[in-house]
Amino acid sequence: MRGKSEARPSDLNGFLDSGSHMEGELRFDTSFRVDGKFTGSVVSEGDLMVGEGGEIEGELAVGRIFVSGTIRGNVRASRRIQIAPSGKVFADIETPSLEIEDGALFEGRCAMVREGESSGTGAAGGMPKLVSALSAISAKPKL
């Protein structure tokens with residue numbers, strides 16, 4: 001996946017391998033990779049990597065997230081969300097930087113929030129402005 005985490009392999013705090021399923025709350029310092037299934041909450045200012053076979057369902061609050069697998073729930077990334085071509089995100093997301101690569105799937109709402117700002121009402125807070133902007137774009141005559 002392009003733009004992989006800048007964390008060195010020695011910085012990896014943990015790994016949930018394929019064939020494993022864990023429930024609960026996950027906290028880590030630098031980076032964590034999920035190739036299995038995780039259900040619950042993830043809290044960290046570090047990097048979360050979801051491999052192609054990885055599945056996460058729950059509430060995520062991380063620094064950056066790189067998705068090649070599947071996420072369901074709500075995601076808040078303080079720095080960046082990147083969805084690779086094999087990635088599937090069914091979630092409301094909030095982040096200052098979002099990259100959805102060709103072939104990726106995203107279903108949900110997105111609020112692009114810069115540092116120090118808040119959408120006010122969660123990930124859905126910016127939706128009326130987005131809908132208004134999209135309506136204005138689609139109303140423009142084609143050349």
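## Basis of the description

Because the model is predicted, local features are given where pLDDT is at least 70 and side-chain atom pairs count only at pLDDT 80 or more, while totals for chains, interfaces and linings use all residues. Residues are numbered from 1 along each chain as its sequence is written, and side-chain values use heavy atoms, with hydrogens and water left out.

## Overall fold

The chain holds one helix and 11 strands, where helices (H or I, at least four residues) and strands (E, at least two) are DSSP runs numbered from the N terminus. Read along the sequence, the order of these elements is β-β-β-β-β-β-β-β-β-β-β-α.

Of the 143 residues in the chain, 40% are buried; here buried means under 20% relative accessible area, exposed means over 50%, and partly exposed lies in between, with a 1.4 Å probe and protein chains only. The accessible surface of the chain comes to about 8,200 Å², and carbon and sulfur atoms account for 50% of that area, as calculated by the Shrake-Rupley method with a 1.4 Å probe, where for residues only the protein chains shown count as cover. Among contacts in the chain between residues at least 6 apart in sequence, 11% join residues at least 24 apart, a contact being heavy atoms within 4.5 Å.

## Strand pairing

Strand 1 (residues 12-16) and strand 3 run parallel and are joined by four bridges, two strands being taken as paired if DSSP finds at least two bridges between them. Within this pairing, Gly14 has Phe32 in strand 3 as its bridge partner. Strand 3 also runs parallel to strand 5, again with four bridges, and Arg33 stands opposite Met49 in strand 5.

## The nonpolar core

The largest nonpolar core has 24 residues, and those with the most contacts inside it are Val42, Leu48, Ile56, Leu60, Ile65, Ile71 and Val75. Strand 3 (31-34), strand 4 (37-43), strand 5 (47-50), strand 6, strand 7 (70-83) and strand 8 (88-95) each supply at least two residues of this core. Such a core is defined as a set of buried Ala, Val, Leu, Ile, Met, Phe, Trp, Tyr and Cys residues joined through side-chain atoms within 4.5 Å. In soluble globular proteins, nonpolar side chains tend to be buried together.

Leaving aside neighbours within four places in sequence, Ile56 is in contact with Val34, Phe38, Leu48, Val50, Thr70, Ile71 and Arg72. Thr70 is found in strand 7 and is buried, with a relative accessible area of 15%. With the neighbours within four places again set aside, Thr70 is in contact with Val50, Gly54, Glu55, Ile56, Lys88 and Phe90.

## Asp47 and Arg64

Arg64 lies in strand 6 (residues 55-67) and counts as buried at 13% relative accessibility, while Asp47 is found in strand 5 and is buried with a relative accessible area of 4%. Their side chains are joined by a polar contact of 2.7 Å, a term for a pair of N or O atoms within 3.5 Å; within protein, one must be able to donate a hydrogen and the other to accept it, and residues adjacent in sequence count only if both atoms are side-chain atoms.

Asp47, Arg64 and Arg79 are linked in a network of salt bridges, each salt bridge being a side-chain nitrogen of Lys or Arg within 4 Å of a carboxyl oxygen of Asp or Glu.

## Other salt bridges

By this rule the count comes to six salt bridges. One of them joins Glu99 and Arg80, whose closest N and O atoms are 2.4 Å apart; Glu99 lies in strand 9 (residues 98-100) and Arg80 in strand 7, so the pair ties together parts that are 19 residues apart in sequence. Glu99 counts as buried at 16% relative accessibility, and Arg80 as partly exposed at 23%.

Another salt bridge is formed by the side chains of Arg109 and Asp92 (3.8 Å, N to O), with Arg109 in the loop between strand 10 and strand 11 (110-112) and Asp92 in strand 8, 17 residues apart. Glu25 and Arg27 also meet in a salt bridge through their side chains (2.7 Å, N to O); Glu25 is exposed at 51% relative accessible area, and Arg27 is exposed at 54%.
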